[in-house]
Amino acid sequence: MIVITPQAGPHVRNPGKVPSLMAKVVLALVPATLFGIYLFGLPALNTVLLCVVSALFFEGLCVRLVNKRLGLVLADGSAVLTGLLLALTLPPWAPWWIAVGGTGFAIVVGKQVYGGLGQNPFNPAMLARVALLLAFPLQMTTWVAPAPLFSPAAPDFAQSLTITFNGAAVPDSLSGATLLGQVKTDLDRGLALPQALGAHFSPLGQGIGYAAGSLGETSTLLLLLGGLYLLWQNIINWHTPVSFLATLALLAWVFQQLDPTSYAGPLYHLSSGAVMLAAFFILTDPVTSPATRAGQLLFGAGCALLVYIIRTWGGYPEGVAFAVLLMNALTPLVDHYFKPRQYGRTRRGKPLPLPPLEKMAPSRRGRP
Amino acid sequence: MNEYVALLLGTALVNNVVLVQFLGLCPFMGVSGKIDTALGMGLATTFVLTLATVASWLIEHYLLAPLDVGYLRILSFILVIAAVVQFTETCIRSLSPVLYQALGIFLPLITTNCAVLGVALLNSQQGNSFIQSLLYGVGASLGFMLVLVMFAGIRERLARANTAALFAGPPIAFITAGLLSMAFLGFTGLPLR
Amino acid sequence: MRLFGFRGGVHPEAAKHHTERRPIRRLPLPRRLYIPLQQHIGAPAKAEVAPGQHVESGQLLARSQGLISAPVHAPAAGRIVAIEEHPAPHPTGLPVSTVVIETDSEQPPATVPSTEDPFTLPPATIAERVGAAGIVGMGGATFPSAVKLMPNPKQPIHTLIINGSECEPYLTCDDRLMQERPEAIIDGIRLIRHALQARRAVLAIEDNKPAAFAAMAAAARQSEAVEVIRIPSRYPMGWEKQLVKTVTGHEIPHGQLPGGIGVCVHNVGTAYAIHRCLRTRQPLSSRIVTVAGGAVRHPQNLEVPIGARLEELIDFCGGLTEPPARLVMGGPMMGQVMPHLRVPIVKGSSGVLALSAHEVDDGPERPCIRCGRCVMACPAGLLPLEMGARMRHDDLDGAEALGVQDCIGCGCCSYVCPSKIPLVHYFNYAKGELQNRRQEKAKSEQTRQWAQARSERLAREAAEKAALRAERAASKAQQKRPPHPSKEPL
Amino acid sequence: MLISILTLTLIGLGLGLLLSAASRLLPSREDPLVAKVNALLPGTQCGQCGYAGCAQAAAALVDGSAPLNLCPPGGPAIARQLAQVLERPLAQPTPGGLAMPSLARVIAEQCIGCTKCLQNCPTDAIVGAPKQLHMVLEKACTGCGACVEVCPTEGIQLQQQAITLGNWRWSKPPRPNPFRGPLCPGEGLA
């Protein structure tokens with residue numbers, strides 16, 4: 001009466017599924033997105049919507065080309081997550097073709113070319129951001145000073161459409177530079193750090209995020225809130241974010257002790273740019289980060305080191321995107337060499353030595 | 001001292017032989033199937049590149065310059081590189097036949113690796129001192145090995161991915177190499193030569 | 001007593017509340033019993049009876065063959081209808097030779113307690129009696145227990161661990177056994193300890209069974225022989241390697257038996273069976289089975305004679321409320337799917353689960369997103385995602401290099417996988433292929449020897465024929481020539 | 001003009017001496033059998049066998065991980081030579097998957113006891129006396145079919161081995177089909 005092909009293995013399963021994981025990550029991103037939209041007005045909303053919709057469109061296109069079931073693939077929500085993550089890293093008033101082109105590149109070249117979910121070596125959002133930064137440096141570095149939604153300076157609906165769709169120039173009153181860009185140009189001009197920092201940097205202000213910057217990256221506290229939600233929901237491990245933030249803070253603190261006039265402190269680094277967004281949402285992307293805990297610790301530390309190098313000595317003010325791509329490239333090697341110790345074997349794989357019989361008192365630990 | 005370290009890191013990362021200067025692409029694509037063979041190839045190329053750089057510097061300064069036959073530079077460098085490769089092959093064949101089997105045809109092919117000749121020629125073109133050209137050689141080969149092994153890791157994983165039939169195999173490898181070199185552009189601007 | 005942790009493991013929803021408080025009820029003796037001859041690890045038993053013969057309850061039906069084997073006894077008095085092929089309790093339902101008994105009467109067989117004190121018996125006879133009673137590991141592994149009662153002198157057993165953890169969800173057979181017959185179990189443990197001359201006996205019970213712990217602690221207080229401890233409830237605590245690590249802090253080195261580090265593990269059910277065998281001279285002919293699952297009307301624990309079919313158990317529990325999505329024998333994590341209800345209960349079946357669709361909840365399988373949950377959950381410290389990816393592309397050598405042979409099949413990785421990938425199914429496939437490969441290598445080695453032996457035989461025969469021909473030719477030549485004149489015949 | 005010729009010959013000479021010294025100091029420890037098999041292979045380094053060059057293919061042949069008929073340019077000739085050098089029977093490829101190996105089985109009615117198959121069996125797997133019913137030892141039979149060819153009365157046939165609890169193995173789990181149409185072999189997951 002029961003027609004079955006023999007199924008093996010557990011017949012009950014943990015309720016967690018891929019779509020629910022992705023939905024929780026998107027939920028964790030919502031506070032930062034809403035704050036970004038409030039901060040930078042309607043054009044920011046346009047960018048977010050454009051990114052998410054075009055992500056779904058491109059994913060649907062690729063899935064249709066390979067003749068796969070549309071419902072099954074789009075339902076796992078990874079396209080929405082990629083679109084939203086990319087939107088949060090773009091300049092708020094970016095023109096429409098930056099948003100759509102970037103998302104297209106992320107979904108098509110970043111993920112679908114490799115065969116869909118789980119096959120891509122690089123994080124699609126970061127890949128698109130690097131591609132856009134290299135291809136359109138001007139559009140990717142026109143920052144906007146915050147113009148809250150209902151304040152007089154904020155563009156109304158019609159103006160927001162013109163800004164997004166036929167690329168009206170940013171009015172001078174609103175144009176401004178991000179803290180990182182400002183400090184780098186001042187340092188290049190030979191100013192000592194305290195002067196460059198004095199005018200712009202207040203830890204609390206930077207924490208709340210009432211400053212120029214990418215759409216969703218400005219409010220560090222809201223992103224931290226989203227990250228803690230993910231940790232509490234057991235969606236991500238603490239190993240990558242903690243090792244990333246700790247290493248970055250340590251590096252910044254060490255160099256600040258060495259030469260306070262030319263190296264900024266840990267708080268400055270942690271609260272600026274895409275560090276907090278990367279720590280909880282980009283570095284912990286399961287597909288492109290190592291699968292073992294030791295590997296994740298190394299992955300976080302490596303990213304922090306590269307971010308610090310590029311920010312301090314590199315050509316670009318913000319190095320998170322490059323650092324993530326380089327460490328993604330190293331992930332297969334990290335997974336190859338960092339394996340857990342097997343039961344009954346030493347770390348090198350040889351069987352454990354037999355414990356001497358007389359010292360078999362239970363209290364002695366079994367580890368070699 | 002840090003001038004030398006800057007040179008070493010600069011050649012290895014900033015203007016990486018494979019991903020920025022686009023030299024030595026055929027072994028980069030050919031031997032990056034498995035991590036172990038890639039590692040073997042990387043070590044063999046490091047050995048060859050360092051020896052060849054040293055030998056080509058000596059020949060440049062103590063043979064070609066005094067006799068003023070600079071135009072023989074390419075010919076003699078290729079001769080030296082071929083000899084060094086043959087020497088490496090003899091060593092590997094006797095020291096570890098397993099690696100020799102694994103590398104197979106790609107070991108003699110190091111002679112045709114344009115990174116090896118490229119580095120030697122760049123050294124003589126920039127008129128580096130002995131230490132500089134040695135470090136330049138070591139940096140270039142370390143960069144080559146790092147990128148080769150990294151790419152082998154990715155390709156080993158891509159071999160098990162579910163790529164569509166259109167992209168499976170070399171196409172996806174070339175796309176990934178392009179994206180990898182895009183990521184390496186992050187190092188531009190570092191104040192290293 | 002100090003406890004130690006082990007890596008990995010999962011916390012499945014226990015779902016034991018359905019049958020935890022239901023006392024054990026005896027299943028009325030079914031009209032027909034189907035007793036397979038292969039109910040244990042090792043060589044199948046050899047039938048000793050003929051069809052048509054009448055057997056008493058507890059009479060030997062089939063003799064064990066060799067050391068790693070176990071005899072089979074008649075669970076009740078009756079007439080042997082036939083010894084033929086019937087579906088085995090296996091996912092494919094392939095036939096196994098089965099003794100079919102038509103039982104005589106309804107009343108359960110009488111048990112006559114023997115007066116002799118088993119503690120005076122030397123350990124060797126205890127092991128021999130346990131073997132003769134057909135007792136095997138009741139936890140599901142069904143390894144003949146007699147072999148584990150014969151310690152080899154070089155490796156004395158210092159700690160005897162009795163496994164009362166029962167970490168599989170839904171199953172409460174050990175739990176109820178401990179609550180209702182603690183004294184018998186304690187007596188069984190003391191007997192095992194006497195047989196093994198172990199310095200210490202520890203009964204480990206998971207902390208999600210307080211009633212069982214209380215009952216066993218009370219029973220253990222009378223005799224100082226057994227130490228009852230509470231261990232954290234986490235699946236797969238009940239697996240031998242994890243239990244030894246938790247209790248003694250030592251890992252069993254790869255390729256060794258627990259005896260190698262002076263530890264021996266027995267299930268609570270086995271201890272009870274050994275007590276019954278030595279105290280009442282009764283062979284292993286019945287066991288406690290939990291019948292549960294969303295599709296069973298009245299889930300409960302039953303004492304069932306070996307050989308009763310699943311149909312009878314389900315009907316006794318009020319039948320099925322809906323066609324089950326999966327019919328499982330054993331626990332939901334490591335149990336095996338049954339093809340239909342016409343398969344018998346064997347010595348190792350600890351539970352019968354008729355799981356409904358929402359309990360199985362098998363979402364569509366998606367590609368692996370490398371989240372590493374399975375790596376964290378694997379108690380054997382392997383990389384399930386990497387082994388699964390290699391096996392999906394038939395890279396058997398790659399999977400073997402990653403240690404697929406050390407996989408204990410506990411199911412933690414498939415349990416936690418958000419993409420619902422049947423990883424355990426891939427590893428079973430891998431182990432099967434590796435076994436095939438070993439057999440083929442052995443066969444080709446054998447073939448080469450046979451071929452060589454044949455060519456040597458042919459060469460030998462040719463040589464003999466040639467020698468014979470030469471000899472015959474020489475003697476023919478001898479006859480044609482007259483004998484040499486100088487040699488006078490004496 | 002002369003200078004350049006002299007320089008190059010000088011460099012060549014120096015390096016040549018160095019190399020000959022090196023090859024004498026570091027003798028190559030290579031397995032002679034691999035060298036012999038390598039000599040057999042066409043040596044075109046074409047890579048059609050899936051190995052990077054003939055040396056690698058030779059090593060794989062010697063340690064048994066490669067089939068004898070791996071060299072398309074070499075064709076059956078090379079396969080037979082390799083079988084000779086490596087003393088390995090040219091086994092036909094056994095079908096993968098669930099198909100069980102087939103073994104010879106005597107059909108009692110037709111067997112007249114002529115012992116033809118008995119003499120022809122490469123592993124002496126058939127037992128029986130002249131004029132008596134023969135029997136196949138399943139353990140020894142490799143299913144090569146040599147007996148079936150010589151049997152005059154078709155008294156022996158190759159039959160597939162029955163699947164029992166002992167030799168049943170788990171099959172590969174069914175691939176999930178994310179496609180609207182049937183699953184084509186090369187395609188990937190969702």
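Helices here are DSSP runs of H or I with at least four residues, strands are runs of E with at least two, and both are numbered from the N terminus. By that count, chain C has 14 helices and 17 strands. The model is predicted.

**Chain C overall**

The C-alpha atoms of chain C fill a box of roughly 110 × 65 × 50 Å along the principal axes. Chain C has 490 residues, and 58% of them count as buried.

**A parallel sheet in chain C**

Four strands of chain C form an open sheet in the order β11-β10-β9-β12, with parallel pairing. Its edge strands are β11 and β12 (263-267), each of which pairs on one side only. From one strand to the next, the twist averages 25°.

Two of the pairings can be followed residue by residue. Strand β9 (residues 159-164) of chain C runs parallel to β10(C) over six bridges. Here C:Leu160 has C:Ala201 of β10(C) as its bridge partner. Strand β10 (residues 200-206) of chain C also pairs in the parallel sense with β11 (residues 226-231) of chain C, over six bridges. The chain goes from β10(C) through helix α5 (residues 210-222) of chain C to β11(C), a right-handed β-α-β crossover. Within this pair, C:Leu203 stands opposite C:Val228.

**Salt bridges**

Over all chains, the whole structure holds 29 salt bridges. Three of them are listed here.

| Pair | Closest N and O atoms |
|---|---|
| C:Arg63 and C:Glu48 | 3.0 Å |
| C:Asp187 and C:Arg279 | 2.8 Å |
| D:Lys172 and C:Asp394 | 3.4 Å |

Take the pair C:Arg63 and C:Glu48, joined by a salt bridge. C:Arg63 sits in strand β5 (residues 60-63) of chain C, and C:Glu48 in the loop between β3 (46-47) and β4 (54-55) of chain C, 15 residues apart. C:Arg63 is partly exposed at 38% relative accessible area. C:Glu48 is partly exposed too, at 42%.

Next comes the salt bridge of C:Asp187 with C:Arg279. C:Asp187 is buried, at 9% relative accessibility. C:Arg279 is partly exposed, at 24%.

D:Lys172 is partly exposed, with 26% relative accessible area. C:Asp394 is also partly exposed, at 47%. Elsewhere, salt bridges with shared partners join A:Asp335, B:Arg157, B:Arg160, C:Arg370, C:Glu386, C:Arg390 and C:Asp395 into one network.

**A nonpolar patch on chain B**

B:Met1, B:Tyr4, B:Val5, B:Leu9, B:Leu58, B:Tyr62, B:Phe130 and B:Ile131 make a nonpolar surface patch of about 780 Å². Helices α1 (2-14), α3 (35-67) and α7 (130-159) of chain B each give two or more residues to the patch. α1(B) gives the most, with three. B:Tyr4 lies in this helix. B:Tyr4 is partly exposed, at 34% relative accessibility.

**An enclosed helix in chain D**

Helix α3 (residues 54-62) of chain D is largely enclosed by the rest of the structure, because eight of its nine residues are buried. Among them are D:Cys54, D:Gln56 and D:Leu61. D:Gly64 follows α3(D), and its phi is positive, near 85°.

Terms used:
Residues numbered from 1 in each chain as written. Chains lettered and ligands numbered in written order. Predicted model: local features only at pLDDT ≥ 70, side-chain atom pairs only at ≥ 80, totals over all residues. Heavy atoms only, no water. Patch = residues over 30% accessible without salt bridge, like charges linked within 9 Å, V, L, I, M, F, W, Y side chains within 5 Å. Areas by Shrake-Rupley, 256 points an atom, 1.4 Å probe, with all protein chains shown as cover. Salt bridge = Lys/Arg side-chain N within 4 Å of Asp/Glu carboxyl O. Buried < 20%, exposed > 50% of the residue type's maximum accessible area, 1.4 Å probe, protein only. Pairing = 2+ DSSP bridges. Right-handed = clockwise from strand over helix to strand, strands pointing away. Axes fitted to C-alpha atoms, helices over the stretch in contact; angles between N-to-C directions.
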